[in-house]
2 protein chains.
Amino acid sequence: MTGADCAVRGSFFDLLDNPWDYLGREHEAARFLADGLLVVKSGLIADFGPFEDVIVRHQGLEITHLENRLILPGLIDGHIHFPQVRVLGAYGNQLLDWLQNWIFPEEIKYKDRDYATNASKHFFHNLLAAGTTTCQAFTTSSPVSSEVFFEAAAERNMRVIAGLTGIDRFAPDDYLITPDDFYHQTKSLIERFHRKGRGLYAITPRFAVGCTTAMMDRSRQLKEEHPDCWVNTHISENPTEVKSVRDFYPDCRDYTEVHEVHGLLGPKFTAGHGVWLSDDELRRFSSSGAAISFCPMSNLYLGSGLFRLGRALDPEFRVRLSLGTDMGGGNAFSLIRVLDEAYKVGMCNNTLLDGSVNPREQDTAEAERNKLSPYRAFYLATLGGAKSLYLDDVLGNFWVGKEADFIALDWTAGQPGTSWHQSLITTEGPTSIEQAAQLLFGVMVVGDDRSVDETWIAGKRLYKTGDTVEAG
Amino acid sequence: MTGADCAVRGSFFDLLDNPWDYLGREHEAARFLADGLLVVKSGLIADFGPFEDVIVRHQGLEITHLENRLILPGLIDGHIHFPQVRVLGAYGNQLLDWLQNWIFPEEIKYKDRDYATNASKHFFHNLLAAGTTTCQAFTTSSPVSSEVFFEAAAERNMRVIAGLTGIDRFAPDDYLITPDDFYHQTKSLIERFHRKGRGLYAITPRFAVGCTTAMMDRSRQLKEEHPDCWVNTHISENPTEVKSVRDFYPDCRDYTEVHEVHGLLGPKFTAGHGVWLSDDELRRFSSSGAAISFCPMSNLYLGSGLFRLGRALDPEFRVRLSLGTDMGGGNAFSLIRVLDEAYKVGMCNNTLLDGSVNPREQDTAEAERNKLSPYRAFYLATLGGAKSLYLDDVLGNFWVGKEADFIALDWTAGQPGTSWHQSLITTEGPTSIEQAAQLLFGVMVVGDDRSVDETWIAGKRLYKTGDTVEAG
């Protein structure tokens, strides 16, 4: 791995464990250094700790001091669509109509290398401006879009997961790909891009509505032949979609079984959404080590429903979760905005769980798990996302040896009222982990993409407030 | 009315009628002038129309040309809390706990004139930066906050509605006000501020949980003695609150009847939220001419629930609706952000109304009404809001004779991806009403407060992108 050597001084906040396991003492799952120093060598974290301790081991180092900022690990987006960068926020339909009316007509343009290349400039600029340093992305059914995606990520030295996105029904004819073509082109792309630089490959059957049994069989074959690869898909986003899957796969008792019988459910498997999964399905996700990417902004935008966050985090069958923008189903690139929506989904779930509407639905333990404290929120966006993607050996926090992707948050940026709001907590900068967490809660519900002042990839600053995109 | 004379040239968009009455031809409810001219005299619209037509009637006029902007009537916020400017986005509780933990401790500070005055600078700066030119605001139980509010609005020559906010139970003792004090202080404030300049007074019993029968009786007396005044309150926000009202007012069959028996329900009465109102209650709102302020951002933020937008707009019992931020229950000042959330609430309602979950809940007509097109959205934020507040004689669109409050929207501003997104519609600026509407949809779901480039009050520009607040 390449990456400029650097040393950054400032206030650091990261998660070391899952705060849902630390009820009433969530701060014990996190770490805060009011004055810390992060030393990067060859793109990796070479040293980290209190400034006074670390500096003595690195005399003569040139230090970048990020004052009045909170430095966090880079944000991880578990579910995003590269070829939807231009059509985020399309009007008016739920999932299946929205795909036909807006999404496929745009995605088909990505057969054209020039269009895809220009789009990649927008896409990665938007990611970096949002503080997202790693994403797991869908591309299109054309290998051009995957090639362009991996090349653009490599230029920026970014840790990404992506793959040719297979769909052989339920799309315009010229957008479909046959299972055989999907198989051969996927193998070729794995050869070229998997574990080249920081690129990782995901075998990507789009979703069961759009994938015949033959396509799912080819996906299984690919996973068997390339067990090191990831698998990325969608599941149980919308009630009508769930019903379609029952019709298409009548031998499967539920949506999850479609993936089970094709040998996909397990570690390094992520399905976006999961809004309508049953308890039994959540249990099978949990026991198999499979992950869900929780996409609240998209679930609200497309009217898909409220993900049962507290249920998926039941300690009896806790599911690995990442956060996803699902951009363009989600109408922003910012995971900070997604945290705002995730908080709202949890709060809305709790309207029912407090039993005030129907006493039979009361579940105060589940309601407690729905509450997205800043510890929990930024866990999902960093270490939790990394764990769900089986990338926590290299990403997610500031452990020495991990890759040096991080962001500097300006807790006073955002809508004009942000600064005065945050002054309730501190005007001097946080001196305790509680203050840092409170400022971060302000960032997630009062701030937005403007809160991200700088984004660093493998020890190199790739975004600073005010940077604009060089694209057409 | 004072206000600098001016003339503004540019592209104008406004609503002339309710687009819900124009199914399939909503553009007929709106007006678009690609090149228009608005002439202001003494703060009122003196002339308006196509530039070529209007200019011949006003030779020698100094013209401000707002290029690459969409000029709309100023946005109207039907429900906002002045003394919550600093605590927007407070963590973790539903309505009743949130009030005790966060809101009352902050609002009590507004007894102090210096604190309230400083807060008013933040509040009005935030409003103007969000493009909000008129609001109906709650203050506190201290007359100081109402005085400061009206004085600050008058300094900016803004059309506002507000009033001393009465609460005589369910708050800290030193925050409560007796019904007698509420009565006498309200009368004094009406005398000083109602119809002085652009100020309008609302008799404001906070909500039935916090108001005894004695407080409600005094509110009725005030409305009888001052029938020209507005009435502003809350209703049916949260299930636990609804249950409390049943306990407090056992003789009333529902929450709405509390206001009926106290002579308040009718024209110029607005209640915020109404999430849990029954069909029968909606019918009584409709027939009495009373209004609901729809606050989707707050309803999601506090987990109050999903307002049945399509139901409240049933042509059989259509209710007058404004949009409200409910800031601080809503976590932003921007009505553009509120439109995004309103769109999402409508879409989530429709998950059930399409019958895919439960065929008994299918109602495609109601589902259609839930879809927040840009025509409908900006109607609610301008003319619809004005109608709900009985201010459409002076606000809401560019009819000659109305007050000249307007905003200039930059449809490319917002998150970094906005400009390329909007380029799908036009890069030259809109030439048709359909293009203008599509750009406005992009503003509401991809843009945010940054979309507001300029805000003009009574013909005078009070906000321009980059302006900051002069407050402590």
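Which residues does B:R9 touch, not counting residues up to four places away in sequence?

1. B:R9 touches B:D35, B:G36, B:L37, B:F51, B:I63, B:T64, B:H65, B:L66 and B:I71, a contact being heavy atoms within 4.5 Å. Residues up to four places away in sequence are not counted. B:R9 itself lies in strand β1 (residues 6–15) of chain B. Helices (H or I, at least four residues) and strands (E, at least two) are DSSP runs, numbered from the N terminus. Between the C-alpha atoms of B:R9 and B:I103, 94 residues apart along the chain, the separation is 43 Å.

2. On the basis of the note: this is a predicted model, in which local features need pLDDT of at least 70 and side-chain atom pairs count only at pLDDT 80 or more, while totals for chains, interfaces and linings use all residues. Residues are numbered from 1 along each chain as its sequence is written, chains are lettered from A and ligands numbered from 1 in the order in which they are written, and side-chain values use heavy atoms, with hydrogens and water left out.

3. In chain A, the peptide bond joining A:M327 and A:G328 is cis, with omega about -10°. A:G328 sits in the loop between β13 (320–323) and α12 (335–353). In chain B, a cis peptide bond joins B:M327 and B:G328, again with omega about -10°, and B:G328 is placed in the loop between β13 (320–323) and α12 (335–353).

4. A:S42, a residue other than glycine, has a positive phi near 50°. A:S42 belongs to the loop between β2 (30–41) and β3 (44–50) of chain A. Because its relative accessibility is 42%, A:S42 counts as partly exposed (buried means under 20% relative accessible area, exposed over 50%, partly exposed in between; 1.4 Å probe, protein chains only).

5. A:N157, also not glycine, has a positive phi near 60°. A:N157 is found in the loop between α4 (143–155) and β7 (160–163) of chain A. With a relative accessible area of 16%, A:N157 is buried.
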